[in-house]
Amino acid sequence: MQRFCKTLITLFKWTVLAGIAGGLIGVLTSGFAFAIAFVTEFRLEHMWMLIGLPFAGLLIVFLYRIAGRADDKGTNTVIVAVREKKEIPLVVGPLIFVSTVLTHAFGGSTGREGAALQLGGSIGDFAARHLKLGSSDRRILIMCSMSAAFSALFGTPLAAAILPMEFVNIGMVYYAALVPCVLSSLAAHAVSVQLHVHALTIPYEVEKVPQLYSMALTKAILMGICCALAGILFVNCLHYSGQLFKRKIANPYIRVAFGGCLVAALAFILRTQDYIGLGENVMAAAFEGKAVWYAFLLKILFTCLTLETGFKGGEIVPSFFVGATMGCFLSGGLGLPAELCAACGMCGVFCAITNSPFTSMIIAMELFGQTGMGFFFIVIAISYMLSDYYSVFSAQKFMYSKTETKLIEILSGDTFHREKK
């Protein structure tokens, strides 16, 4: 009974802390979402904004340099902070907020959820230090703040609660953070709903689903293999293009200006804004079977040119774009409904690049409904298994093998080094 009372006090503590964190971060992240939506709408109506992309890049590099964050590691900084006793400077939050909005305003091809994780993590760490929380409670507060930011921005509160616990050390989940992450995620989502950032409906509900226990099962397996390959391609393109740009153009100002010029030039040559920004219109078209077959390849190209030359944002939404458009392309050959293949592609490629299978499964339920869950689960499981130890987050640590019940403890970033040996 004494232990129960002590745990009850802990529950009360986290109900208060997680509720406050979720509410505050929900408001800030909703403001971030409105800012992204506003600048995106303006840019779509004024394509000439693309001309300013190189100059926006120069400003981003300058801001990071004067803030002492020239070597910023993005979301990897937050991952390391959860796993180790390292601080996340509060300046990370405002920097990623401003730089991501600038990137979207002038046409960079990037996401926003990675920025949300950094925003939430920096606020959580700042609060934990000022509240003088212990090492364990500090990590938990960082995780529940990340959950809140992801939930308010993406509108998937259940998946947002699981992601920070799952993707830091793959194969080992921090269950101590479950209640705080759930409470903060729900609080932030409630705020975003009240502010009309999200609605309590399934955004991409999939209704046309064939019988799973038929030839469709084999097709789902093939879809999972393709998602793993697409994820590996995406991660490798990001990694090697980043190395190439840094090796050939050492000066970060020249590098980001060069990247901005390339992205703008390609958009003008193609006469479309489909492959810059979030690309939500193209993802919606993919669910109707109307995306061109090469869309996912162009998105990878535009995202590499944006992120690996110095612009800011995230890789998660681009992975959804890649998955949805690739799924749309494969639907014709597989003979499956385009909406089902687009949904499978989105959650499958997301899993391949983040190594978060349980988060991916919950995202599938929250975004696409439960009708196609059998297909989603098969695709996600196979994509996770076959995507090797690649990740867009080089700081992710794989605690256990993907194919054996064996402790391995390897960093994702070391995967490329092992290949060279």
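Predicted model: local features only at pLDDT ≥ 70, side-chain atom pairs only at ≥ 80, totals over all residues.

Biologist: Which sense does each pair of strands take, parallel or antiparallel?

Modeller: E1 and E2 run parallel and are joined by two bridges. On that side, isoleucine 170 has phenylalanine 398 in E2 as its bridge partner. Strand E2 (residues 397-400) pairs with E3 in the antiparallel sense, over three bridges. There, tyrosine 400 has leucine 407 in E3 as its bridge partner.

Biologist: How many residues lie between E2 and E3 in their hairpin?

Modeller: The hairpin formed by E2 and E3 has six residues between the two strands.

Biologist: Now to the helices. At what angle do H7 and H8 pack, and how far apart are their axes?

Modeller: For a packed pair of helices, one reads the angle and the distance between the axes. Helix H7 (residues 157-166) packs with helix H8 (residues 178-194) at about 140°, and their axes are 8 Å apart. H7 is therefore oblique to H8, since only an angle over 145 degrees would count as roughly antiparallel. The crossing of the two helices is right-handed.

Biologist: Which residues of H7 and H8 meet?

Modeller: From H7 come Pro157, Ala160, Ala161, Ile162 and Met165; from H8 come Leu178, Cys181, Val182, Ser185, Leu186 and His189. By type, the residues of this contact are nine nonpolar and two polar, with no charged residue.

Biologist: Let us end with a single residue. Is phenylalanine 234 buried or exposed?

Modeller: For such a question one consults the relative accessible area. Phenylalanine 234, which lies in helix H9 (residues 215-248), has a value of 0% and is therefore buried, the limit being under 20%.

Biologist: What is phenylalanine 234 in contact with, leaving aside its neighbours within four places in sequence?

Modeller: With those neighbours left aside, the contacts of phenylalanine 234 are Ile300, Thr303, Glu315, Pro318, Ser319 and Ile353. As for alanine 33, which is 201 residues from phenylalanine 234 along the chain, the C-alpha atoms of the two are separated by 25 Å.

How values were computed. Residues numbered from 1 in each chain as written. Heavy atoms only, no water. Axes fitted to C-alpha atoms, helices over the stretch in contact; angles between N-to-C directions. Helix = DSSP H or I, 4+ residues; strand = E, 2+ residues; numbered from the N terminus. Parallel < 35°, antiparallel > 145°, perpendicular 65-115°, else oblique. Left-handed = near helix turned anticlockwise from the far one by under 90°. Contact = heavy atoms within 4.5 Å. Nonpolar A, V, L, I, M, F, W, Y, C, P; charged D, E, K, R; others polar. Buried < 20%, exposed > 50% of the residue type's maximum accessible area, 1.4 Å probe, protein only. Pairing = 2+ DSSP bridges.
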